[in-house]
Amino acid sequence: MLTSIDHIVLTASDLEKTISFYCNILGMTLDEFSPSDGSGVRKSLKFGEQKINLHYANSPYKPHAVNPVSGAVDICFLSSTTIEEWQNIFSKNNIVIESGPIQKTGATGPIISIYVRDPDKNLIEISNKA
């Protein structure tokens with residue numbers, strides 16, 4: 001039986017812009033690790049007990065998705081920071097809120113969400129439990 005997601009992989013066209021967005025705007029932490037297969041150092045983003053591995057769009061780590069492309073992710077992050085605070089953070093950083101706040105249904109019940117785009121135009125949903 002499955003119990004949780006260990007990590008996801010995000011394909012980025014510009015790793016530095018991606019790292020800046022996720023670390024400086026969303027508050028994640030950059031981590032570097034060496035895979036057990038002896039290949040080169042890799043980068044990931046961490047928050048809480050979650051991990052997002054990063055792949056360069058022009059040279060993704062193997063194995064990878066059949067069509068690893070940047071801009072194809074649609075992901076929702078739950079946050080303890082209020083939606084109002086997120087609106088201020090995005091406004092101060094000139095990041096357009098595409099939609100919201102709007103009530104949605106999350107994995108465990110109602111959530112209030114806003115939607116923005118990361119540097120690769122992935123859809124990023126930031127939510128509070130309602």
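Predicted model: local features only at pLDDT ≥ 70, side-chain atom pairs only at ≥ 80, totals over all residues.
## Helix H1

Helix H1 covers residues 15-25, and its buried residues are Leu-15, Thr-18, Ile-19, Phe-21, Tyr-22, Cys-23 and Ile-25. At the start of the helix, Asp-14 places a side-chain oxygen within 3.2 Å of the backbone nitrogen of Glu-16.

Tyr-22, one of the buried residues of H1, touches Gly-27 and Met-28 as well as Leu-10, Leu-45, Phe-77, Asp-118 and Ile-124, when residues up to four places away in sequence are not counted.

## The largest nonpolar core

The largest nonpolar core is made of 23 residues, and those with the most contacts inside it are Phe-21, Tyr-22, Leu-26, Phe-77, Phe-90, Ile-124 and Ile-126. Two or more residues each are contributed by the strands S1 (8-12), S4 (50-56), S5 (74-78), S7 and S8 (123-129), and by the helices H1 and H2 (83-92). The largest share of this core, 6 residues, is supplied by H1.

## Ser-113 in strand S7

Ser-113 lies in strand S7, which spans residues 110-117, and this serine counts as buried because its relative accessibility is 0%. Its side chain makes polar contacts with the side chain of Glu-125 at 2.6 Å and with the side chain of Ser-127, also at 2.6 Å.

Beyond residues up to four places away in sequence, Ser-113 touches Glu-125, Ile-126 and Ser-127, together with Ile-83, Ser-99, Gly-100, Pro-101, Ile-102 and Lys-104. Of these neighbours, Ile-126 is also among the residues with the most contacts inside the largest nonpolar core.

Notes. Residues numbered from 1 in each chain as written. Heavy atoms only, no water. Buried < 20%, exposed > 50% of the residue type's maximum accessible area, 1.4 Å probe, protein only. Helix = DSSP H or I, 4+ residues; strand = E, 2+ residues; numbered from the N terminus. Polar contact = N/O pair within 3.5 Å; in protein donor to acceptor, adjacent residues only side chain to side chain. Contact = heavy atoms within 4.5 Å. Core = buried A, V, L, I, M, F, W, Y, C linked by side-chain atoms within 4.5 Å.
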